[in-house]
Amino acid sequence: MVETKRVSTGIPGLDKLIEGGLLENSVTLVSGTTGAGKTILSMQFLKKGAENKEKVLYISTEENVNSIKGGFKIFGWDLDKLKIDIVVLGPDELEEEWEPLLSNRIDKEKIKRVVIDSISLASLYYRDDYSTRKYLYRLISALKKRNITCLLTSEILENSKGLSKSGVEEFVCDGVILLQFLGMGGKYERGLTIRKMRWTNHTQEIHPYTIVKGKGIVLGK
Ligand SMILES: Nc1ncnc2c1ncn2[C@@H]1O[C@H](COP(=O)(O)OP(=O)(O)O)[C@@H](O)[C@H]1O
Ligand SMILES: [Mg+2]
């Protein structure tokens, strides 16, 4: 059965563009080039949950705990104070660690919001496209079975036409939020687009946004 409850994204102004928020128990891909704000957006989503006293978990495949905490401290967010838990999984641990992490931590601790930042590493780690797709399909299916609302970040290359590296994530995920740099004369603007959101009458526009210290992603010029 499709859940009908909506979960706030934490990005002011975004919820009303997607019928009130993300569907509970859905998995959404946050896709964009480097520096687009994927890490900040996904942490903002966890921050919103933590402020609502929900248990939240940030899974990083790219940085260590201290650099994540240190970086966000500079940005104005104290992840310890906010009670945002962090787990770091390296490429070698990817496959064997997922199952125990999902069942021991997420299920037992009744975690409500999960971020995996990022899932792009999988396509570097696996030798061929078939193994990457199979792995991503299994991981995303396992996340969907749980009582969590999840964001996965995916790094795409500049000028790439796809929404992810391996091309499978956008099919399997319930939604895709695309963060882009749009060239405007000699300047660029940041633009947020909802490329897919199942069972949702979502905005079709490109929404300009900025990144503001202490606030995160701010929609509007
Ligand atoms: N204090 C700040 N003020 C304005 N922009 C910032 C600030 N801190 C970071 N940014 C912007 O955020 C970007 C990094 O965002 P991040 O979420 O890490 O990107 P991604 O995960 O998509 O690579 C930086 O390249 C910069 O443009
Ligand atoms: Mg990032």
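The lining of the second largest cavity divides into 6 nonpolar residues, 1 polar residue and no charged ones. The model behind this count is predicted.

Start with that cavity. Its lining consists of Thr9, Ile11, Leu22, Leu41, Phe45, Leu151 and Ile177. The space inside comes to about 30 Å³. How many cavities of 30 Å³ or more does the count give? There are 2. Rolling a probe the size of a water molecule over the atoms shows where empty space is left.

Now turn to ligand 1.

Polar atoms of the protein approach oxygen atoms of ligand 1 at several points. From the backbone, an N or O atom of Gly35 lies 2.8 Å from a ligand oxygen. A polar backbone atom of Gly37 is 2.9 Å from an oxygen atom of ligand 1. Lys38 uses its side chain instead: an N or O atom there is 2.7 Å from an oxygen of the ligand. Taken alone, ligand 1 exposes 580 Å², and the protein buries 61% of that.

Next, look at Thr203. Where does Thr203 sit? It is found in the loop between β9 (187-197) and β10 (207-212). Is Thr203 buried or exposed? Its relative accessible area is 10%, so Thr203 is buried, the cut-off being under 20%. The side chain of Thr203 has polar partners. A polar atom of this side chain lies 3.1 Å from the backbone nitrogen of Glu205. The side chains of Thr203 and His207 are joined by a polar contact of 2.7 Å.

Finish with Thr132. This residue is found in helix α6, which spans residues 129-144. Why does Thr132 count as buried? Because its relative accessibility is 2%, and buried means under 20%. The side chain of Thr132 reaches back to Asp128, whose backbone oxygen is 3.0 Å away.

Taken together, Thr203 lies in a loop and Thr132 in a helix. Thr203 is buried, and Thr132 is buried too. The side chain of Thr203 contacts the side chain of His207, while that of Thr132 reaches a backbone oxygen.

Note on methods
Residues numbered from 1 in each chain as written. Chains lettered and ligands numbered in written order. Predicted model: local features only at pLDDT ≥ 70, side-chain atom pairs only at ≥ 80, totals over all residues. Heavy atoms only, no water. Polar contact = N/O pair within 3.5 Å; in protein donor to acceptor, adjacent residues only side chain to side chain. Areas by Shrake-Rupley, 256 points an atom, 1.4 Å probe, with all protein chains shown as cover. 1 Å grid on protein atoms, 1.4 Å probe; cavity = no way out; pocket = protein on both sides within 12 Å on 5 of 7 lines; lining within 4 Å. Points joined across faces, edges and corners; volume = space filled by probe spheres on them. Nonpolar A, V, L, I, M, F, W, Y, C, P; charged D, E, K, R; others polar. Helix = DSSP H or I, 4+ residues; strand = E, 2+ residues; numbered from the N terminus. Buried < 20%, exposed > 50% of the residue type's maximum accessible area, 1.4 Å probe, protein only.
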